[in-house]
Amino acid sequence: MSAVDGAEGAVVTTASVRWPADWPARRSGEGCAYCARIGGGSHAEAVHVLTGGFAEVYLDRRPQAPGHVQLVWRRGHIAEPFEATPEGVDGYWREVVITSRAVQRVYRPLKLNVMTLGNLVPHLNTRIVTRYWSDPAPGGPLPWDLVHSPQETPEAELQRQADELRVALDELGFS
Ligand SMILES: [Zn+2]
């Protein structure tokens with residue numbers, strides 16, 4: 001069962017058991033919540049960290065463990081990386097890789113998972129998720145229901161981490 005936040009129209013918080021009937025429309029960008037957010041800064045689910053040439057970088061407010069960062073393609077609605085121009089493909093993955101490096105530097109996890117899914121909101125985005133000794137499912141991907149914690153990280157702590165990420169991204173030549 002998908003849970004859709006009525007305010008924004010498509011903020012899906014739980015994995016679905018089957019594809020929604022309006023999937024083709026969503027896939028083509030109709031009512032896309034991520035498109036609506038581009039350029040809008042921080043929102044209910046994440047703190048805005050930085051805007052690159054190809055993606056916006058956000059820090060998730062409810063990580064399962066510290067350091068869940070999301071890049072969202074910011075040049076219009078596409079669902080798959082291959083739908084970008086060659087320049088877009090190169091630029092997007094460069095920003096994903098540099099952001100991954102920054103996350104590793106700031107949080108020092110045992111492993112990063114770089115997940116380009118879009119099964120709930122089909123707008124190109126990539127989540128960088130940290131895995132630690134305390135991990136609930138070390139041998140595989142985190143089950144979607146464990147990607148987010150019920151607890152929101154306090155705002156001051158999120159802002160502190162976002163500042164650290166900005167410094168790291170700058171030093172690593174993000175933009
Ligand atoms: Zn979109």
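This is a predicted model: local features need pLDDT of at least 70, side-chain atom pairs count only at pLDDT 80 or more; totals for chains, interfaces and linings use all residues.
Colleague: What makes β4 and β5 a pair?

Modeller: Strands are DSSP runs of E with at least two residues, helices are runs of H or I with at least four, and both are numbered from the N terminus. Two strands pair if DSSP finds at least two bridges between them. Strand β4 (residues 55–60) and strand β5 (residues 69–73) have 5 bridges, in the antiparallel sense, so by that definition they pair. One of these bridges links Y58 to Q70 in β5.

Colleague: What joins β3 to β4?

Modeller: A hairpin through 3 residues does. The two strands run antiparallel with 5 bridges, and A46 has D60 in β4 as its bridge partner.

Colleague: Why are β3 and β6 called edge strands?

Modeller: The open sheet has 5 strands in the order β3-β4-β5-β7-β6, with antiparallel pairing. Strands β3 (46–51) and β6 each pair on one side only. The twist averages 20° from one strand to the next; axes are lines fitted to C-alpha atoms, for helices over the stretch in contact, and angles run from 0 to 180 degrees between N-to-C directions.

Colleague: Which helix packs on the sheet, and what does that helix touch?

Modeller: Helix α5 (residues 155–171) touches β3 and β4, and its direction makes about 20° with that of β3. Contact here requires C-beta atoms, placed from the backbone, within 7 Å.

Colleague: Which residues of α5 are buried, and why are they said to line one face?

Modeller: A residue is buried if 20 or more other C-beta atoms lie within 10 Å of its own, exposed if 12 or fewer, and partly exposed in between, with C-beta atoms placed from the backbone. In α5, L158, Q161, L165 and L169 are buried. Seen down the axis, the buried residues fall within an arc of 80°, so they line one face; the arc is that of the directions from the helix axis to the C-beta atoms. Their cover includes β3, β4 and α3. The face turned away carries exposed residues, A156, R160, D163, V167, D170 and E171.

Colleague: Why is R62 called partly exposed?

Modeller: R62, in the loop between β4 and β5, has 15 C-beta neighbours inside 10 Å, so R62 counts as partly exposed. Not counting residues up to four places away in sequence, R62 touches H148, S149, Q151 and E152. R62 and Q151 are 89 residues apart in sequence, yet their C-alpha atoms are 6.0 Å apart.

Colleague: Is R108 buried or exposed, and what is its phi?

Modeller: R108 has 10 C-beta neighbours inside 10 Å, so R108 counts as exposed. The residue is found in the loop between α3 (86–107) and β6 (111–115). Most residues other than glycine have a negative phi.

How values were computed
Residues are numbered from 1 along each chain as its sequence is written. Two residues are in contact if their C-beta atoms, placed from the backbone, lie within 7 Å.
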